[in-house]
Amino acid sequence: MAAYLLLLVHMLASAEGVTFRFASYYGDHMVLQKKPVGAVVWGYGEAGANVTMSLSKDSKVIMKKMAQVEEHSETWKVVLAPMEHGGPYSVVAEQHSREEPKNLTLQDIYFGDVWLCSGQSNMEMTVSQIINASKELSEASLYPYVRVFTASLIQSEVELQDLAKIDLEWSIPTAENLGHENFSYFSAVCWLFGRHLYETLRYPIGLVESSWGGTCIEAWSSGRVLQECGLTGDAGRFLLPTLLSGPKMPSVLWNAMIHPLLNMSLTGVIWYQGESNAFMNPDLYNCTFPALIADWRRAFHAGSDGQTQPLFPFGFVQLSTFRRQDRDDRFPRIRWHQTADYGYAPNKRMPNTFMAVAVDLCDEHSPYGSIHPRDKQNVAYRLHLGARAVAYGERGLVFQGPYPTKVVADGARGLINVTYGQELLLLLMHDHIFEVCCSHRPQLSAQEPCQWVPAPMVSASSHTVTLSSSGCRDAVTRLRYAWAEWPCEYRQCPLYNKHLLPAPPFVIDSALKTGWANCEEAGPAPGTS
């Protein structure tokens, strides 16, 4: 409804002459994207009028840019020359028309890195909802150069040019605006991620939150993504179970909460979503998620006049846990599909991405339900490691837990040796977190049913875990790890690296009949830069 009210307001404004203004997400205290790209500034004005935009520091004009208001859209846009990080600056836009000139001013503007944070309720959870909330909120004032902004929850059946409503205008962080009402603003994952980046980079960080709880990936996807994954023209596939509270139709959040941001120059995106898709189209997620990433990249690059990088970094959180005893494997399948079925990121189908594994961050007693674990500190920390390695090119940084590089099945002795690419930190021996598929057939297709039985851990060395496959009377054709909705207790999965990053779940679908299988692409071990 708000989208249509916005359209009505714009129609009335057109009849009376468009108000000269910045687009909705520009405001005092904001962060504009620093070099090597130019920040984009745009707004509305009188068709055909000329607009001069000036950038000033200490009352001295250091840059001027000219633009003309387009006839059809009644918008103007300038791309600033790339700027070093820092501030504060003032931005003044002046419209020259037949009437007297009109001026707009933005104050306390800084240049730094801008990150977009999107997804569903685990991204929406505010700082006041997480563990040690009081401490985190009390430290807000220590980070005046991490600026925050939150879009309102709006859906639309058509692509909107601008945000219809804003929940939190660009702000300097305070306990009040970081800890608003539950599932409102500001996102704890987004805030803590940005705070970690600031502590590393020591220059301004701008955080833009656009998220909505209980939403599926299809709602955040353009029609191009849906078409690529065969989802157009089948409305029945978008009807979500009643336990999912968010918008239920495709593209409505892309239209209203992402499309209006496309002109923005930004560094990258972090994403925490997927729980809803465990209950709808789970086995299309290995198409919809990589397709969404590629589509957002193309759209932001084009919308920013080529300023946002065409392969900008995209980080995501692999799903945590939900129900302890549930034998349903939809959560494990989504976790796997979040990686385009590779098990790690980046990979060939998802270049320049990074992943925070959260399978060990369960929270059975969360007052917001176990699907909303309160430990967002570890989530954000793990995300920022990926950003440092992938987005900022920090060499030699380990940003993901150990992943197998080779599996050797010794059928005669009933043993399987799993070799990892990183040195292992073994927290405990586990008798059922590894499982093998037993089949009298030497090879199964990925679609065929499997008899999974536990493969107890027998021993471990610095890089290798030995499993028992004695529970298999037939041939071992597949191997998987942590393939459960709730595979281990809080930070007590068996395998980590020395940096306390957990080994991610995996499944090896290729037959092991030859006695060994390579599990990674050529190059460094997954999770190292």
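**Notes on the disulfides, a pocket and a histidine**

1. Cys488 and Cys493 are joined in a disulfide, with their sulfur atoms 1.9 Å apart; a disulfide here is a pair of cysteine sulfur atoms within 2.5 Å. The S-S torsion of Cys488 and Cys493 is about -60°, so this disulfide is left-handed. Cys488 is buried at 4% relative accessibility, and Cys493 is buried at 1%. Buried means under 20% relative accessible area, exposed means over 50%, and partly exposed is in between, using a 1.4 Å probe and protein chains only.

2. A word on what you are looking at. This is a predicted model, where local features need pLDDT of at least 70 and side-chain atom pairs count only at pLDDT 80 or more, while totals for chains, interfaces and linings use all residues. Residues are numbered from 1 along each chain as its sequence is written, and side-chain values use heavy atoms, with hydrogens and water left out.

3. How many disulfides does the structure hold? There are 5. If you number the bonded cysteines of the protein in sequence order, the pairing reads 1-2, 3-4, 5-7, 6-8, 9-10. Cys362 is in no disulfide, and the nearest cysteine sulfur, that of Cys488, is 6.3 Å away. Cys362 still counts as buried, at 7% relative accessibility. Cys216 is another buried cysteine, with a relative accessible area of 1%.

4. Next, the disulfide between Cys437 and Cys450, with an S to S distance of 1.6 Å. This pair links distant parts of the chain, 13 residues apart: Cys437 sits in strand 18 (residues 434-439), and Cys450 in the loop between strand 18 and strand 19 (451-454). Strands (E, at least two residues) and helices (H or I, at least four) are DSSP runs, numbered from the N terminus. Are the two cysteines buried or partly exposed? Cys437 is buried at 0% relative accessible area, whereas Cys450 is partly exposed at 23%.

5. Strand 18 also holds Cys438, which is bonded to Cys472 at 1.7 Å, S to S. The torsion about the S-S bond of Cys438 and Cys472 is about -110°, so this disulfide is left-handed. Cys472 lies in the loop between strand 21 (464-468) and strand 22 (475-481), so the pair ties together parts that are 34 residues apart in sequence. Both ends are tucked in: Cys438 is buried at 7% relative accessible area, and Cys472 is buried at 11%.

6. Now for the second largest pocket, which has about 450 Å³ of space. Of its 21 lining residues, Arg327, His432, Trp483, Ala484 and Trp486 are the closest to the centre. On a 1 Å grid over the protein atoms alone, a pocket is an open set of points where a 1.4 Å probe fits, with protein on both sides within 12 Å along at least five of seven lines; lining residues have an atom within 4 Å of a point. Points are joined across faces, edges and corners, and the volume is the space filled by probe spheres set on them. By class, the lining has 10 nonpolar, 2 polar and 9 charged residues. Ala, Val, Leu, Ile, Met, Phe, Trp, Tyr, Cys and Pro count as nonpolar, Asp, Glu, Lys and Arg as charged, and the others, Gly among them, as polar.

7. Last, His337, found in helix 9 (residues 330-338). His337 is buried, at 8% relative accessible area. Which residues does His337 touch, leaving out those up to four places away in sequence? They are Pro282, Asp283, Tyr285 and Asn286, with contact meaning heavy atoms within 4.5 Å.
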